[in-house]
Amino acid sequence: MNAPTKFPLEPTPALEPTAQSGKAPVAVTPVAGLATPTPDDLVITIRDRRFGRSKQPGRWWLNNDPIATAWHNALSATFPRGEAMFIEAVKAHRDGVPPKLEEEIRAFVRQEINHTREHVVFNKAAVDAGYDLSKIDARLEELMAMIKQRPAIVNLTATMALEHYTAMMAHEFLANPQHFAGGEPETVAMWRWHAIEEIEHKGVAFDTFRHATRDWSRWRRWKLKSLMMLVITMNFIRNRWNDTLELLAQDGLKGPKVKLKLAWYLLGTPGVLRRIIPAWFAYFMPGFHPWNHDDRALIGKADSEFTDARLQSA
């Protein structure tokens, strides 16, 4: 396993020339002159970890529960193509960004590449366990072809909204152990690792959008951001619902009772969609920024648990 790579993102004040170049270091300025609550001491860490190589997850890897397993398998099926789109959407607007944001974008890209790699492995394991993900992937492929025809700023706005979704769910996954209770340890570790890094880079797409729209009025920026979140929410919930039901049908689980159980899983217990509602509404508030809520304490706790697990297995 490679050692984690850390990207310190503190602003470096231009005080005096460096010994090597004789030039003053470039001072980091806020995005387009706008104040940003992205923490000055934020460190985005590249944790190059691999999961599921020695032992693949079972068919119902999450507490032997087909509902919980199908929901997370449906999420994972979207990640390889989706995260590739996120990377391209952010990179398309990186020219001219402040140095601090430039470093964040580089770290964001490396994290997302690693997430893609691990979810490709996870999705293959789901296929090996007997699930057919081809319909989900075909729909995503069609969607990606359509996305290539859209203006780049629209794709960045969609990425910003979807990154808020992943950050909301990542917070919930780390804060509430109930979501992965009874899951196979190696697979749960993969999901928690992904969640840690989603929290770390949750402000990157947002700050890139602010830079890209620095000449826009606040009303124009808010309108596009808000309308896109409404569209993303409708599509995200509808598609993940249908994808989950598709996978459940492959287990022979169909009908109204199955739909009620899925609805309860999402809105009742453990209720990930119910629990993220306040954070979803916050996205529409004036002055919203993902780092208005600094939840890095969850990262420290989860990282320490990874360290303890590695020491115990050594």
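Two residues are in contact when they have heavy atoms within 4.5 Å of each other. By that definition, residues 24 or more positions apart account for 85% of the contacts in the chain with a separation of 6 or more. The model described here is predicted. Its chain holds eleven helices and two strands, arranged along the sequence as β-β-α-α-α-α-α-α-α-α-α-α-α. Of the 314 residues, 50% are buried.

- Helix 4 covers residues 152–175, which is 24 residues, and reaches 34 Å from its first C-alpha to its last, close to the 34 Å expected at 1.5 Å a residue.
- Because 20 of its 24 residues are buried, helix 4 is largely enclosed by the rest of the structure.
- Helix 7, residues 218–250, has 33 residues and should span 48 Å at 1.5 Å a residue; its end C-alpha atoms are 47 Å apart, which agrees.
- Just after helix 7 comes Gly252, which takes a positive phi of about 80°.

**Helix 2 against helix 5**

- Helix 2 (residues 99–128) packs with helix 5 (residues 185–200) at an angle of about 160°, and their axes are 11 Å apart.
- Angles over 145 degrees count as roughly antiparallel, and helix 2 and helix 5 are therefore roughly antiparallel to each other.
- The crossing of helix 2 past helix 5 is left-handed.
- On the side of helix 2, the residues that meet helix 5 are Gln111, Glu112, Asn114, His115, Glu118, His119 and Phe122.
- On the side of helix 5, the partners are Thr187, Met190, Trp191, Trp193, His194, Glu197, Glu198 and Glu200.
- Sorted by class, this contact of helix 2 with helix 5 has four nonpolar, six polar and five charged residues.

**Helix 1 against helix 4**

- The axes of helix 1 (residues 66–91) and helix 4 come within 10 Å and cross at roughly 135°.
- Helix 1 and helix 4 are therefore oblique to each other.
- Helix 1 passes helix 4 in a left-handed crossing.
- Helix 1 contributes His72, Leu75, Met85, Phe86, Ala89 and Val90, which meet Asn155, Leu156, Thr159, Leu162, Glu163, Met169 and Phe173 in helix 4.
- The contact of helix 1 with helix 4 has nine nonpolar, three polar and one charged residues.

- Asp295 is placed in the loop between helix 10 (277–282) and helix 11 (296–313).
- With a relative accessible area of 6%, Asp295 is buried, because buried means under 20% relative accessible area.
- Leaving aside residues up to four places away in sequence, Asp295 touches His171, Ile199 and Lys202.
- Asp295 and Ile199 are 96 residues apart along the chain, and their C-alpha atoms are separated by 7.6 Å.

**Backbone features in the loops**

- Most residues other than glycine have a negative phi, and most peptide bonds are trans.
- Asn63 has a positive phi, near 60°, and is not a glycine.
- Asn63 lies in the loop between strand 2 (43–46) and helix 1, and is partly exposed with a relative accessible area of 47%.
- Asn64 is found in the loop between strand 2 and helix 1, and has a positive phi of about 55° although it is not a glycine.
- Asn64 counts as exposed, at 58% relative accessibility.
- The peptide bond from Thr269 to Pro270 is cis, with omega near 0°.
- Pro270 lies in the loop between helix 8 (256–267) and helix 9 (272–275).

Note on methods. Residues are numbered from 1 along each chain as its sequence is written. This is a predicted model: local features need pLDDT of at least 70, side-chain atom pairs count only at pLDDT 80 or more; totals for chains, interfaces and linings use all residues. Side-chain values use heavy atoms; hydrogens and water are left out. Helices (H or I, at least four residues) and strands (E, at least two) are DSSP runs, numbered from the N terminus. Buried means under 20% relative accessible area, exposed over 50%, partly exposed in between (1.4 Å probe, protein chains only). The expected span of a helix is 1.5 Å times one less than its number of residues. Axes are lines fitted to C-alpha atoms, for helices over the stretch in contact, and angles run from 0 to 180 degrees between N-to-C directions. Angles under 35 degrees count as roughly parallel, over 145 as roughly antiparallel, 65 to 115 as roughly perpendicular and the rest as oblique. A crossing is left-handed if the near helix is turned anticlockwise from the far one by less than a right angle, and right-handed if clockwise. Ala, Val, Leu, Ile, Met, Phe, Trp, Tyr, Cys and Pro count as nonpolar, Asp, Glu, Lys and Arg as charged, and the others, Gly among them, as polar.
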